[in-house]
Amino acid sequence: MKNNIIIIFITCSSRKEAMSIAGALLKNRLVACSNIIDNVSSRFWWNGKIDKADESLVIVKTKRDRFPEIEREVKRLHSYDIPEIIAMPVVAGSKDYLDWVKNSVA
């Protein structure tokens, strides 16, 4: 099934930040749905050393062509210097669900 639906992962410093970003993306009809997963334990390279953080993960479903606007909005609202904003294509899915995503995003 060929479509233009993507899933974007955004890690946030707190649940409050995750809720704010998810809410803004939904309000602006940039995404059809957001999921927030708390208590994500992250390990990563930062400033030349291994660092760690307890984060919340926002997962959003949207159309590929909305990515640039989503990236701008996340960067505007996010507390990190370099927020994680990673998109992956949906290679298959329920036609009904994918149609709902397409129809829900402005």
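Predicted model: local features only at pLDDT ≥ 70, side-chain atom pairs only at ≥ 80, totals over all residues.

Student: What is the volume of the largest pocket, and which residues are closest to its centre?

Tutor: The largest pocket has a computed volume of about 290 Å³. Its lining is made up of 13 residues, and the closest to the centre are Phe 44, Trp 46, Glu 55, Tyr 80 and Ile 82.

Student: Which elements give two or more residues to that lining?

Tutor: Two strands do so, β2, which covers residues 33-46, and β3, which covers residues 49-63. Of the elements, β2 gives the most, with 5 residues in the lining.

Student: How should I read the charged side chains elsewhere, and how many salt bridges does a search of the whole structure find?

Tutor: The general idea is that side chains of opposite charge can pair when their charged atoms come close. In this structure, a search of the whole model finds 5 salt bridges. One of them joins the side chains of Asp 38 and Arg 15, with 2.8 Å from N to O. Asp 38 belongs to strand β2 while Arg 15 belongs to helix α1, residues 15-27, so this pair ties together parts that lie 23 residues apart in sequence.

Student: Are Asp 38 and Arg 15 buried, exposed or something in between?

Tutor: Asp 38 is partly exposed, with a relative accessible area of 30%, and Arg 15 also counts as partly exposed, at 41% relative accessibility.

Student: Where do Lys 95 and Asp 99, which meet in a salt bridge, lie?

Tutor: Both Lys 95 and Asp 99 lie in helix α3, residues 95-104, and they are 4 residues apart, which is about one turn of the helix. Their side chains meet at 2.6 Å, N to O. Lys 95 is exposed, with a relative accessible area of 52%, whereas Asp 99 is partly exposed at 25%.

Student: Arg 66 and Glu 69 also meet in a salt bridge; which of these two is buried?

Tutor: Arg 66 is the buried one, because its relative accessible area is 15% and buried means under 20%. Glu 69 is partly exposed, with a relative accessible area of 31%, and the two side chains meet at 3.4 Å, N to O.

Definitions and conventions: Residues numbered from 1 in each chain as written. Heavy atoms only, no water. 1 Å grid on protein atoms, 1.4 Å probe; cavity = no way out; pocket = protein on both sides within 12 Å on 5 of 7 lines; lining within 4 Å. Points joined across faces, edges and corners; volume = space filled by probe spheres on them. Salt bridge = Lys/Arg side-chain N within 4 Å of Asp/Glu carboxyl O. Buried < 20%, exposed > 50% of the residue type's maximum accessible area, 1.4 Å probe, protein only.
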